[in-house]
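Me: I would like to learn how to read the architecture of a protein model. Please take me through it feature by feature.

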Amino acid sequence: MLSLLLDQQMSREIVEQVRVWRPEIPIQSLYEWREGDFVGVADPSILRAAAGEGLTLVTYDRKTIPPILIEWGLSGTSHGGVIFIDTLTMRSNDFGRLVRALIHYWDQEHASAWGNRIGFLPVPPPKSL
């Protein structure tokens, strides 16, 4: 089942709003997960710990995460999945659109196995809440 961990560049408000609209969606912010111990920690450590808990990282980081995933793929290292967001389609301060997109994506993908999977968060359909 898809369980979401929002990277540190994403506001905690997004998590709070998803929980208001859809409390059944397992979603956490890096700021609250493990009492915030992973804020500012290197990406490989976050990905390893998240995989250990079956969490899929949701991130805008398309610079440092992809090389890690390539290296891990070549070495057979597993991860809990990554969902990338493109800043050109959804700004990090567009909370409403992000909340709708996460809910819509979870509705479509929650039953899928997310280990070692990579996805891109699509723009949500209009009025999807």
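Reply: Contact means that heavy atoms lie within 4.5 Å. Helices (H or I, at least four residues) and strands (E, at least two) are DSSP runs, numbered from the N terminus. Residues are numbered from 1 along each chain as its sequence is written, and side-chain values use heavy atoms, with hydrogens and water left out. This is a predicted model, in which local features need pLDDT of at least 70 and side-chain atom pairs count only at pLDDT 80 or more, while totals for chains, interfaces and linings use all residues.

Me: Against which elements do the buried residues of α1 pack?

Reply: Buried means under 20% relative accessible area, exposed over 50%, and partly exposed in between (1.4 Å probe, protein chains only). In helix α1, residues 12-21, the buried residues are Ile14, Val15 and Val18. Viewed down the axis of α1, they fall within an arc of 100°, so they line one face of the helix; the arc is that of the directions from the helix axis to the C-beta atoms. These residues pack against β1 (4-6), β2 (27-29) and α4 (95-109).

Me: What is found at the start of α1?

Reply: A polar contact is a pair of N or O atoms within 3.5 Å; within protein, one must be able to donate a hydrogen and the other to accept it, and residues adjacent in sequence count only if both atoms are side-chain atoms. Here a side-chain oxygen of Ser11 comes to within 3.0 Å of the backbone nitrogen of Glu13.

Me: In what order do the strands of the sheet lie?

Reply: Strands of a sheet pair through backbone hydrogen bonds, either parallel or antiparallel. Two strands count as paired if DSSP finds at least two bridges between them. In this model, 5 strands form an open sheet in the order β2-β1-β3-β4-β5, with parallel pairing. The edges are held by β2 and β5 (118-120), each with a single partner strand, so one side of each is left without a neighbour in the sheet. As an example of pairing, 3 bridges join β3 (residues 56-59) to β4 (residues 82-84), and Leu57 has Val82 as its bridge partner in β4.

Me: Which members of the largest nonpolar core touch the most other members?

Reply: A nonpolar core is a set of buried Ala, Val, Leu, Ile, Met, Phe, Trp, Tyr and Cys residues joined through side-chain atoms within 4.5 Å. The largest has 23 residues, of which Leu4, Leu6, Leu102 and Leu121 touch the most other members. At least two residues come from each of β1, α1 and α4, and α4 supplies the largest share, 7 residues. Apart from this core lies another, of 16 residues, among them Leu5, Leu30, Ile65 and Trp72.

Me: With which residues is Leu69 in contact?

Reply: Leu69 belongs to helix α3 (residues 65-75) and is buried, with a relative accessible area of 8%. Leaving aside neighbours within four places in sequence, Leu69 is in contact with Leu47, His79, Val82, Phe84 and Ile118.
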